[in-house]
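Work through the two exercises below with the model open. Try each task before reading its solution.

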Amino acid sequence: MLKIGDKKLINAWAFYDWANSVYSLVISTAVFPLFYSAITKDEIVTFLGMKWDYPDTLYSYALSFSFLVVAFMSPILSAIADYTGNKLKFMKFFCWLGGLSVISMYFFKDLNTAWIGIICTILASIGFWSSIVFYNSYLPEVAHPEQQDAASAKGFIHGYIGSIILLLICLGMILAPNTFGFDTSISETILSSGNSLEIEKAIEDAKNAASLKAMRISFVMVGLWWIGFAQITFKKLPNNIYNRKPEKDFIWKGFKELKKVWIELKGYPTLRNFLIAFFLLSVGVQTIILLATIFGSSELGLGTTNLIVTVLLIQFVAILGAWVFSNVSKKLGNFMAIKITIFIWILVCFSAFMLEKELKNVEIYFYALGGLLGLVLGAIQSLTRSTYSKLLPKTQDNATYFSFYDVTEKIAIVLGTFVFGFLIYLTDSMQWSVLSLALFFVAALIVLSTLKRTEHVH
């Protein structure tokens, strides 16, 4: 068995990011929302015996439900990770649950099978986020404290590279399906009719059908990639290196610890108010990440190419943004750097609200919006976590405080996706949903303006 600090062990641990990040990029952000939007556009979807006139509302609610389950399960899973010796088995279970759920999305091919897509969306989300709880908890068992920052960064880099590679492969399949062997032929009857408009439409329909099939194949590829590469991690990770035995009532210990943090926060007003600001801004940030492509497809009528190019653009600019704002925070302080990013997020929301399908060259404006979003996406996520870390009481167990931080974020996603979906239902438009997210950013900015320092509290 590899010992803590061994480079092979650290590399194997970080490789799980390579395995699972394809879910975040290809399924959550890029291809699946586009596929769902293409199948359900202007249609009525039946799910659980109910008819949904606004399928995007149903998708938004499905995400809300999955994160509600994750928010409830996180403290339990954290307790399992901390107080039992079986976390490798749990990590494997949730990896397989997520991967197989993604593969099963292949069977969602039309309106009649939309229920498969919704159920698989929920299960894949639960599998992904639950496996991450155990993945994160392994860090102290694979790397010494002085190695942990580098190990964590290595995981991020692996995830970024792996997900970009698979997304580019999927993009090639979707945009040039005939090159990858997908059937784009049209019937001899239409060809012999001599009607150029009919032939042109038939060719376009055949290519669209082949592209949709390519999207379904990409779901299978993501699932196989996730499960397959995860085996490299599972082969090397230790199990129960401290020979722990389950403590009595360990299942509910996580909730007891969170309750303890909730009570302790009264004594740390700066930390408490920062968490409130973090909750409010997370409502906006995470909802936009999850539903940006649906907005571009359903509301603006943008094509698959435009949207996936925008997603790639966001990914690349996010790396630059994280670096830029880490330097801004050094010069102006964490709070000021976060305020600047929030102001840009507000600008993103108002700009998206102003975009309309009829606008000339709307895709160019959407690219610009994607670039602006990318600039602050990586920045706000890294800044909020590092700022929270600086504010933590020195004498306390940081793991429990970070568990509270994670649950706060998940509940924010539940609220954000629910509000987004509900406003689509009320207004028959995503523009008001996007505008509503700006209000959460404004509220976060107001709360942050009351905070004056980021040094450790005592």
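**Exercise 1.** Classify Asp428: is this residue buried or exposed? Then find where Asp428 lies.

*Solution.* Asp428 has a relative accessible area of 53%. Buried means under 20%, exposed over 50%, and partly exposed in between, with a 1.4 Å probe and protein chains only. Therefore Asp428 is exposed. Asp428 lies in the loop between helix H14 (398–427) and helix H15 (431–448). Its phi is near 60°, a positive value in a residue other than glycine. Most residues other than glycine have a negative phi.

Now take Leu48. Phi is positive here too, at about 55°, and Leu48 is not a glycine. Leu48 lies in the loop between strand S1 (45–47) and strand S2 (50–52). Leu48 is exposed, with a relative accessible area of 72%.

The model is predicted: local features need pLDDT of at least 70, side-chain atom pairs count only at pLDDT 80 or more, and totals for chains, interfaces and linings use all residues. Residues are numbered from 1 along each chain as its sequence is written, and side-chain values use heavy atoms, leaving out hydrogens and water.

**Exercise 2.** Describe how helix H3 (residues 87–104) packs on helix H4 (residues 114–137).

*Solution.* Start with the axes, lines fitted to C-alpha atoms over the stretch in contact, with angles from 0 to 180 degrees between N-to-C directions. The axes of H3 and H4 come within 7 Å and cross at roughly 155°. That makes H3 roughly antiparallel to H4, a term for angles over 145 degrees.

Next, list contacts (heavy atoms within 4.5 Å). H3 residues including Phe90, Phe94 and Leu97 meet H4 residues including Leu123, Ile126 and Phe134.

Key:
Helix = DSSP H or I, 4+ residues; strand = E, 2+ residues; numbered from the N terminus. Parallel < 35°, antiparallel > 145°, perpendicular 65-115°, else oblique.
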